[in-house]
Amino acid sequence: MDSRARVVLDEADIGRAIRRIAHEIVEKARGSDDLILLGIPTRGVALANRIASAIGEIEGTQVPVGSLDITLYRDDLRLRPARALEITSIPAGGIDAKVVVLVDDVLFSGRTVRAALDALNDIGRPAAVRLAVLVDRGHRELPIRPDYVGKNLPTSHSEQVRVELDEVDGTDRVAILGEVEDGAAG
Amino acid sequence: MKHLLSTADLSREEAVLILDTAAELAAVTDRSVKKLPTLRGRTVVNLFFEDSTRTRISFELAAKRLSADVINFAAKGSSVSKGESLKDTALTLEAMGADAVVIRHGSSGAPHRLANSDWIQGSVINAGDGTHEHPTQALLDAFTLRRHLRSGAGDLSGIRVAIVGDILHSRVARSNVLLLKTLGAEVTVVAPPTLMPYGVESWPCHTSYSIDDVLPDVDAIMMLRVQAERMQAAYFPSSLEYSRMFGLDSARVARLPEHAIVMHPGPMNRGMEISADVADSPRSVMVEQVTNGVSVRMAVMYLLLGGMQEEI
């Protein structure tokens, strides 16, 4: 990792945040019936799987986990070359009348979540949609608010938040990278 | 990638990307809302100078599933029948703001001409030009092969495919030979000597004059339609003889390996290159090829039009 990176969450912190989010989800849903976790690729899917197994430890139930690629619903498609698609897999039985918890690693502008809500709209009609994120770094550009947050992380707009998860990156860590543009030490 | 004119232009990575994208887009067909907003506000023109059923409908459906506006232009009943040139037709479409032109033309090279002229700025997708190429057909064939023989992932390395029939007039065969080779498959083209193209020995494939020789050693056999409309000379003595020598009947299917699939790009002449019982048998994947065609064309349109238009 970059020497200018400042680690804000380590492996134990991430584990605690996920367990707390799992408790909050179950508490708010009064159990785990009708729950579906949908991760936004790639790290959101890894987080969704971890939250599901934490819920399993609390409730002794198996919450369905899926993956929701939002690429085709992005509002910035025309600003970059066409991107490869990620996997979308909706658990059997669909999302109709279920409580869908969207899971992503970082909440920033809110545009990804907006795209995810549009995608959900085309797939079915959930009873409710909630949002769980590991890190909320602020700077929202849309009226979107998370229901479950691992850590609120005040950042400046020029900083970068990097989430690394064992399933994807081989390590568990959340770090803030300093002002990359001018190369200032973090 | 701005245009799709020939499968020769595709690298292995690009071809696999198209197939992977198509695999994800195929799931849209199973949803309650079979539509994606990705190409909202884009205009796709289907410019068909030759008759077509499945290709035109397939492109139209693919564009509509991605929310593009589609204009269908058939040469019959248009100003082309009054003698308008390809250039003037293209300039008209450009003036109307077409973002992509899907062209089928009887002359080989017409899409290339369109893409490399300054007549239009948008993307050009070749939907079959003369006896040259039909790239989206080859892509959907590769997609179908991958689904059945490679569990839907990666390339086609090691797969053996025979393409049988009117190779001389077949744009499907040309596109397939090039694409399947790029994806690592081993292709044998089979035809009577009169229907083997000049210079076929320079193609990246094997050749054979006997369907019976290749049957036991293939994972897939692709039967081509005998294109009577392109045949100005007698290429074989009678259709009965052709059917006996090169047609796929149930006796020949029995000599295929058990896992091998039977493909046909359509439209087929039942009883000519393929017998009706084979066409309707579970070994035949023709209906699935049509379904896969929509996904593959969605993938091509998304990759060509979905992102930022490259500056040229």
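In chain B, strand β5 (residues 160–164) and strand β8 (residues 220–223) pair in the parallel sense over 4 bridges; strands are DSSP runs of E of at least two residues, numbered from the N terminus, and two strands pair if DSSP finds at least two bridges between them. Val164(B) has Met223(B) as its bridge partner in β8(B). This is a predicted model, in which local features need pLDDT of at least 70 and side-chain atom pairs count only at pLDDT 80 or more, while totals for chains, interfaces and linings use all residues. Residues are numbered from 1 along each chain as its sequence is written, and chains are lettered from A and ligands numbered from 1 in the order in which they are written.

**Sheet of chain B**
- An open sheet of 5 strands, with parallel pairing, runs in the order β7-β6-β5-β8-β9.
- β7 (206–208) and β9 of chain B each have a single partner strand and stand at the edges, so one side of each is left without a neighbour in the sheet.

**Glu258(B)**
- Glu258(B) lies in the loop between α9 (250–253) and β9 (261–263) of chain B; helices are DSSP runs of H or I of at least four residues.
- Glu258(B) is exposed because 6 other C-beta atoms lie within 10 Å, and the cut-off for exposed is 12 or fewer, with C-beta atoms placed from the backbone.
- Between the C-alpha atoms of Glu258(B) and Pro216(B), 42 residues apart along the chain, the separation is 9.6 Å.

**Contacts between chains**
- Chain A contributes 18 residues in contact with 17 residues of chain B, a contact being C-beta atoms, placed from the backbone, within 7 Å.

Note on methods
A residue is buried if 20 or more other C-beta atoms lie within 10 Å of its own, exposed if 12 or fewer, and partly exposed in between; C-beta atoms are placed from the backbone. Two residues are in contact if their C-beta atoms, placed from the backbone, lie within 7 Å.
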